[in-house]
Amino acid sequence: MKRQGAVGFLLLLLWACSSSDSTGELEFRNFRATPGKEGFNAALYGVIENNTDFPETLRTVTSPAAKVTEIHRTVHTDGIAMMQPVPEGVVIPPHSTFSFRPGDYHIMLIQLRRSLSVGDSIEVAFSFARKPSQYIVVSVKRR
Ligand SMILES: [Cu+2]
C-alpha cells in the first residue's frame with residue numbers, strides 16, 4: 001500500500017509539471033493533445049523554448065499512445081489546407097521558441113492505440129540532435 005502511494009505521488013508530480021517541463025535549457029510549454037478515438041489520429045500542440053546559445057533540431061517525436069508519430073506542417077495551396085510530413089525535423093533557434101499549433105506545424109499521433117478523452121494523459125518523447133531525449137507527460141484537452 002505504501003509503495004502504491006509513492007507511485008501515485010510521483011504521477012501527481014509528473015502531472016503537475018506537464019505544462020512546463022524543464023531542463024533549464026529546453027522548456028516545454030503548454031503541451032496538450034487533442035481527443036481522438038482508437039485507430040484514428042490526434043494532434044499535439046505546444047511550445048518548445050531553446051534557452052541555449054545554439055540552434056537545436058527536434059528530430060523525432062514518439063509516444064506509446066500512437067502507432068506512428070510524425071511532425072507535420074499544414075500548408076495552404078489554392079485555398080486548400082493540406083498536411084505534409086516534416087521528416088527532417090524542425091530547428092529551434094537559440095534563445096527562441098518554436099510553436100506547434102493548429103493550422104501550422106503540429107505533431108500528429110497516427111492510429112491511436114486507445115481512445116484519448118479530455119483529462120487523460122500520455123507520455124511523449126522528443127529526440128534532439130544535440131540534447132538528450134526529453135520525456136514529458138501531456139494532458140488531453142480540448143483544443
Ligand atoms: Cu497532421
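Strands here are DSSP runs of E at least two residues long, numbered from the N terminus, and two strands pair if DSSP finds at least two bridges between them. Welcome to this predicted model, in which local features need pLDDT of at least 70, side-chain atom pairs count only at pLDDT 80 or more, and totals for chains, interfaces and linings use all residues. Residues are numbered from 1 along each chain as its sequence is written.

| Pair | Residues | Sense | Bridges |
|---|---|---|---|
| β2 and β3 | 26-33 and 42-50 | antiparallel | 6 |
| β2 and β11 | β11: 134-140 | parallel | 2 |

Within these pairings, Ala33 stands opposite Leu44 of β3, while Arg32 has Ser139 of β11 as its bridge partner.

Now follow β11 to Ile136, one of its residues. A residue counts as buried if 20 or more other C-beta atoms, placed from the backbone, lie within 10 Å of its own. Ile136 is buried because 20 other C-beta atoms lie within 10 Å.

Next comes the core. A nonpolar core is a set of buried Ala, Val, Leu, Ile, Met, Phe, Trp, Tyr and Cys residues joined through C-beta atoms within 7 Å. The largest one has 25 residues, and Ala33, Leu44, Leu109, Leu116, Val124 and Val138 touch the most other members. Elements giving it two or more residues include β2, β3 and β11.

Leu116 touches residues including Ala33, Pro35 and Val140, leaving aside those up to four places away in sequence; such contacts have C-beta atoms, placed from the backbone, within 7 Å.

How values were computed. Helix = DSSP H or I, 4+ residues; strand = E, 2+ residues; numbered from the N terminus. Buried ≥ 20, exposed ≤ 12 C-beta atoms within 10 Å, placed from the backbone. Contact = placed C-beta atoms within 7 Å.
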